[in-house]
Amino acid sequence: MKKNAYSPGVLQYIPFFYVIWSDNLVTASELNIVQKAIDDDESLSKDDKKELKSWLLPEHPPADKELKAWRQLVSSSEVKLVESETYPLSTFSQKVVCEYYDVCPFNESLKHIEINLGIQPNHYNHLFDVEVIHEITSDFYNPQTIDTLLKGKHAPLVDKFREVLQNDIFNWDIHRKKEEFREVVLNQVRFLAERGYGSLAYPKKYGGAGDMEGYAQMFENMMYVDGSLTIKFGVQVGLFGGSIQKLGTQKHHDLYLADAGTAKLLGCFAMTETGHGSNVRGIKTTATYDKETDSIIIHTPGKNDNKEYIGNALHSKMASVFAQLIVNGKNEGVHAVLVPLRDTDHKELPGITVEDNGYKLGLNGVDNGKIWFNQVVVPRENLLNKYGTINDDGTYHSDVKNPSKRFFTMLGTLVGGRICVARAGLGGAKMALAIAVKHALKRRQFNDSIKVQEDLLMDYPSHQLRLTPLVASAYVYHFTLDKMMEIYCDESQPDKRKVETQVAGLKSIITWYANDAIQECREACGGKGYLIENRIADLKGDVDIFTTFEGDNTVLLQLAAKGVLSDFRAEFNSAGFTSVLKILGMQINDTLTTINPLYSNKVDKDHLFNPKFHKHAFDYRTRRLTYTLAMRIRDYIKKGIPSYQAFLKVQTHLLALGKAYSIELAYNTFTDFVDGIKDEQYKELFQKLGTLYALQHIREDAAWYVEQGYLGGTKSKAIRQRLERLCTELRPHIGVLVDGFGIPEHCMSAPISQ
């Protein structure tokens, strides 16, 4: 039996004290955790407790000489540290005692310290000169269980769809020529459409299931095959078919909807124009009703008034064209008209000109093009007339009398497309994260000794910090988008204005998140991430445009912020502003102007990990930004500055509010879901993911919170430390978390993920 200077009771704590002091894990609150564990440890004598507590004084930490002696004591044992143990350091410590004494019972107090201090392998891998038996990931959680939670009620649909994706037609490959790539993607779209997936969101009468929620889940899964497939499929059945479904009436449904869903009728969605970008209301293409011939004439009036960046433009036979509807000399605003583009031989019809947009940064399997119309005549019946029609006597009629409201009602029916774009971006982020994490769980690099194996990338705290919060965000956004689509599809809620505001903001932050996540994954994979064969490069190019189409993110964030302020009217004046302030119901009180110093510097784990703190912080930021924004606009208007100019002056403020509102919405939606999880084991895991998401965003906005006095420097620092610690706590489960995305194995074709 070896000799040492400590009793068995003290010796079992030595590895913990060495980790705590050498790795700077402690704050005052954490020292209290250790002290409480010692107080509650009945196996310790009074002398043992006195000696241990003498090492818990921040003002008198153990001397370097003593730390070296502790390290030598532990390292001289022949005990191996096994990472896969449920409580690795506690078990190791007990085995060390067994090296020196005949008794070595497992101590629950040590387990308490290990849990509450979040001590993980990377805290001690380099601290002791002992053999560490590395385990890539823990099996404490089951990825299939997590995947089942993500699929929810759509599990049968998603499982069946993933089986369909096993067909060889969906095998991923590198495509150098866009024409060949486009044919591959077109055939994939037709393959899915012929099997009923194109009609999924359409009514049963037209071959569908009326399942828009399921369609969104399917849409995300398509990203695991290829971004071009996802977008071309979305253009065909979501935009072209969706415009017929949402803006047309039964006559249009009967004629076109089934064929759009099965891809027998290929179509495109012609809204955006070269010279007008996001300003749909300002498009210049005209649709003029000719009473004599009872027809509508579609025309491109100017050089930059052509339709631009229209997906499916080269393969389409028909287009949903958005144009200014002119009836009896009066402009009735933007409406959609079905316009045939090509004949049965696929030749352009008279008056139609289509040009290829050419190669793009990504999505080169999608045939984007420009379209011009030169006095193209179509029947009056081709007007998609759910919200505005031309009567048999040649007069215009709409049940929605206000032109502005009519315009936004029409666009509001297409909000589902923004949710789906966000879902696609999220799918791209999940794919990249799965590849990067799997790579980091097998790639080794550097060590402080040539005698032992190099360390896994995923065991480096810096690597954990760059990837783990992104994984947590993927889970938060998944359930948030699920809920948004559920609300959007709820027919008992006819007023979609609120969900329009919510989706505008969420689409922005989620597609930006997706781009940031994919870029981080590319860098985290080093040079391997730059190779096309490893998929991340393609994902980077494909997802990049998601920040622009279905609404430019910067424009959408402002829309979200305006929605927070009030139900805005086209013209905004000082009289209307008073009502806006009433709608806000801000009731600004002392909590918005003065924060208790004790609260602003509260740093204990129970507080920082508490959803009440996160919700209060997010609510405070949104309310404060809303109030100060409202005051700024009011002051400008009082000075006689026109409302439009007033909003230009506060544009950056609007963007900050839109982002704050959207982050708060995502977090609250996710926590509502987590509260409903029945299994406590998985509920705890998802609570940690929510906490990581919250602390990450509070940390990112720390400067603002500090400026407002909401956070003190001590608390801001503690949040940073907790972020790092939480990433380490989740390290054993990171592999399970990306497997929990449910990405089919046959889609994980990147060599570095194998």
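What we have here is a predicted model. The protein has 754 residues, and 56% of these count as buried. Its secondary structure comprises 31 helices and 13 strands. As for contacts, if we take those with a separation of 6 or more, 76% of them are between residues 24 or more positions apart.

Let me turn to the aromatic rings. The structure contains 28 aromatic pairs. A pair of this kind is described by the distance between the ring centres and by the angle of the planes. Take Tyr475 and Phe686: the ring centres are 5.6 Å apart and the planes stand at 85°, so this pair is edge-to-face. Where in the chain do Tyr475 and Phe686 lie? Tyr475 belongs to helix α17, residues 461–488, while Phe686 belongs to helix α28, residues 680–700. The two are 211 residues apart, and the pair thus links distant parts of the chain. Both Tyr475 and Phe686 are buried.

Lys562 lies over the face of Phe647, at 4.9 Å from the ring centre. In a second case, the charged end of Arg722 is placed over the ring of Phe609, 5.7 Å from its centre.

Arg722 brings us to helix α30, where it is one of the buried residues. This helix covers residues 713–730, which makes 18 residues. From first C-alpha to last, α30 reaches 26 Å, close to the 26 Å expected at 1.5 Å a residue. Its buried residues also include Lys715, Ile719, Leu723, Leu726 and Leu730. In general, an α-helix has 3.6 residues a turn, so residues three or four places apart point the same way.

Finally, the sheet. Three strands form an open sheet in the order β6-β10-β9, and the pairing is antiparallel. Which strands stand at the edges? They are β6, residues 307–310, and β9, residues 352–356; each has a single partner strand, so one side of each is left without a neighbour in the sheet. From one strand to the next, the twist averages 25°. Strand β10, residues 369–373, is joined to β9 by five bridges. Within this antiparallel pair, Thr353 stands opposite Trp372 of β10.

Thank you for your attention.

Methods:
Residues are numbered from 1 along each chain as its sequence is written. This is a predicted model: local features need pLDDT of at least 70, side-chain atom pairs count only at pLDDT 80 or more; totals for chains, interfaces and linings use all residues. Side-chain values use heavy atoms; hydrogens and water are left out. Helices (H or I, at least four residues) and strands (E, at least two) are DSSP runs, numbered from the N terminus. The expected span of a helix is 1.5 Å times one less than its number of residues. Buried means under 20% relative accessible area, exposed over 50%, partly exposed in between (1.4 Å probe, protein chains only). Rings of Phe, Tyr and Trp (its six-membered ring) pair if their centres lie within 6.5 Å; planes under 30 degrees apart count as stacked, over 60 as edge-to-face and the rest as tilted. A charge sits over a ring if NZ of Lys or CZ of Arg is within 6 Å of the ring centre and within 35 degrees of the ring normal. Two strands pair if DSSP finds at least two bridges between them. Axes are lines fitted to C-alpha atoms, for helices over the stretch in contact, and angles run from 0 to 180 degrees between N-to-C directions. Contact means heavy atoms within 4.5 Å.
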